Amino acid sequence: MVIQLPGSVEDATHYSERLTPKEIVRELDTYIVGQHAAKRAVAIALRNRWRRQQLPPELRDEIAPKNIIMIGPTGVGKTEIARRLARLTHSPFLKIEASKFTEVGYVGRDVESIVRDLTEIAVKLVKDEKTRLNRETAERNSRERILDLLLPDSRRPAARPAFVGAPEEQPPTETREKLGIWLDEGRLDEREVEIDVKEQSFPSFEIFSAQGVEEMGVNVKDMLPGLFGGKAKRKKMRIGDARPIITQEEAEKLVDQQNVAREAIDRVEQSGMVFLDEIDKIAGRQSAAQGPDVSREGVQRDLLPIVEGTTVNTKYGMVKTDHILFIAAGAFHVSKPSDLIPELQGRFPIRVELESLTESDFVRILNEPKNALTMQYSALLATEGVTLTFAAEAVAEVARYAALVNEKTENIGARRLHTILERLLDELSFDASDMSGQSVTIDAAYVQRVLAETVKDEDLSRYVL
């Protein structure tokens with residue numbers, strides 16, 4: 001069974017009601033091979049969010065989200081599980097590396113920017129949804145605006161068509177309907193009209209860099225709109241190019257920005273998800289000699305109130321973090337989860353260990369998922385008219401080489417398949433534009449011919465594969 005993703009706001013509203021833990025795991029299985037324990041954990045955490053919404057308000061507010069730590073080497077599916085989960089639920093989702101942050105008061109990003117970034121994502125998500133809902137009305141309004149440009153109101157003193165250039169066949173000015181038919185048929189796409197286009201300009205001053213503005217805690221774009229665009233400049237454009245711009249403007253006019261902000265904040269507070277990668281990089285305790293590390297324990301202490309539940313000021317309003325779901329992940333090769341400060345450990349009650357991928361897992365990854373790599377490369381070369389197929393023994397051979405290189409060098413999991421396939425198909429990808437109409441089958445002999453020497457040379461494979 002494959003679950004149909006929500007296509008509208010109404011679909012998204014009731015979508016999580018239909019997502020049972022088994023259905024969530026089943027959908028994740030179509031993209032991610034193995035890691036059943038991790039899939040179960042995130043499926044239960046997601047379903048518990050819906051269950052919480054069904055409770056009376058006095059009890060609902062007492063139930064905190066069950067945050068998760070995923071432990072496992074790189075390339076085994078940690079990020080993909082979290083990303084697919086967010087897409088399933090139509091939730092605001094932010095992936096961020098914990099190593100990017102430093103303790104407040106030092107140079108670097110502070111952890112409150114997580115909530116601000118997540119709110120921006122939610123605003124865009126809600127705005128896009130509402131824009132799609134208003135698309136039909138916006139297109140009608142856009143059509144009328146273009147007709148007004150082509151055929152000004154007859155009550156004006158100098159009313160005449162606003163065509164630029166002399167068309168081969170002038171439409172009858174007395175019939176707006178006829179002009180509309182020509183517009184709908186695309187017969188006027190090459191004609192030019194003058195429209196107001198907003199220009200985007202950004203000052204080069206260092207103080208106004210994205211990070212600098214964020215650290216200042218103010219919205220300079222709102223304070224000094226003239227510096228950051230917002231001015232309209234009149235331009236001549238083809239109707240075919242102008243129509244999408246006008247349609248977008250009309251769609252934005254139909255969206256109530258205050259309602260968007262309120263709904264976005266509510267969505268962040270009730271269904272927001274943060275994937276905190278590389279959390280093992282900030283695991284570590286202070287030593288008596290050196291004191292706390294501002295990029296390790298200092299960051300952990302700053303993260304604690306965000307994960308535990310606090311209120312963060314954003315330009316859209318105050319956002320409570322009490323019920324945002326945090327999924328942390330790390331390889332923990334050097335450190336271990338117990339190296340995190342005890343308070344932060346307590347806010348991640350669910351711990352899941354992901355397994356290293358085997359050769360048989362690589363075979364499945366190349367064949368089974370909806371977005372399987374072999375399917376992606378076949379689709380890419382099909383655009384050149386080349387039919388590419390992979391024999392079963394070739395897939396097995398690629399998987400064998402991937403497992404071998406991971407064992408001999410650094411284990412980067414399924415990411416090794418990307419580098420090996422790029423190397424394998426390098427010659428074919430280069431020549432594909434001259435091979436239209438041909439069919440190519442990758443077999444085991446082809447894989448061995450291209451990869452055998454590189455894999456055998458351990459020093460070379462360390463750099464190439």
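Me: What makes Glu-120 and Lys-315 a salt bridge?
Reply: In this predicted model, the closest N and O atoms of Glu-120 and Lys-315 are 3.6 Å apart. The cut-off is a Lys or Arg side-chain nitrogen within 4 Å of an Asp or Glu carboxyl oxygen, so the pair counts as a salt bridge. Glu-120 sits in helix α6 (residues 112–133) and Lys-315 in the loop between β6 (311–314) and β7 (317–320), 195 residues apart.

Me: Why is Glu-120 called partly exposed?
Reply: Its relative accessible area is 35%. Buried means under 20% and exposed over 50%, so Glu-120 falls in between. Lys-315, at 49%, is also partly exposed.

Me: How do you know that Lys-95 and Asp-277 form a salt bridge?
Reply: Their side chains meet at 3.7 Å, N to O, which is within 4 Å and therefore qualifies. Lys-95 lies in strand β2 (residues 93–97) and Asp-277 in strand β5 (residues 273–277), so the pair ties together parts that are 182 residues apart in sequence.

Me: Is Asp-277 buried or exposed, and why?
Reply: Asp-277 has a relative accessible area of 14%; the limit for buried is under 20%, so Asp-277 is buried.

Me: What makes Asp-280 and Lys-281 a salt bridge?
Reply: The N to O distance between their side chains is 3.8 Å, and the cut-off is within 4 Å, so the pair qualifies. Asp-280 is buried at 11%, whereas Lys-281 is partly exposed at 44%.

Methods: Residues are numbered from 1 along each chain as its sequence is written. This is a predicted model: local features need pLDDT of at least 70, side-chain atom pairs count only at pLDDT 80 or more; totals for chains, interfaces and linings use all residues. Side-chain values use heavy atoms; hydrogens and water are left out. Helices (H or I, at least four residues) and strands (E, at least two) are DSSP runs, numbered from the N terminus. Buried means under 20% relative accessible area, exposed over 50%, partly exposed in between (1.4 Å probe, protein chains only).
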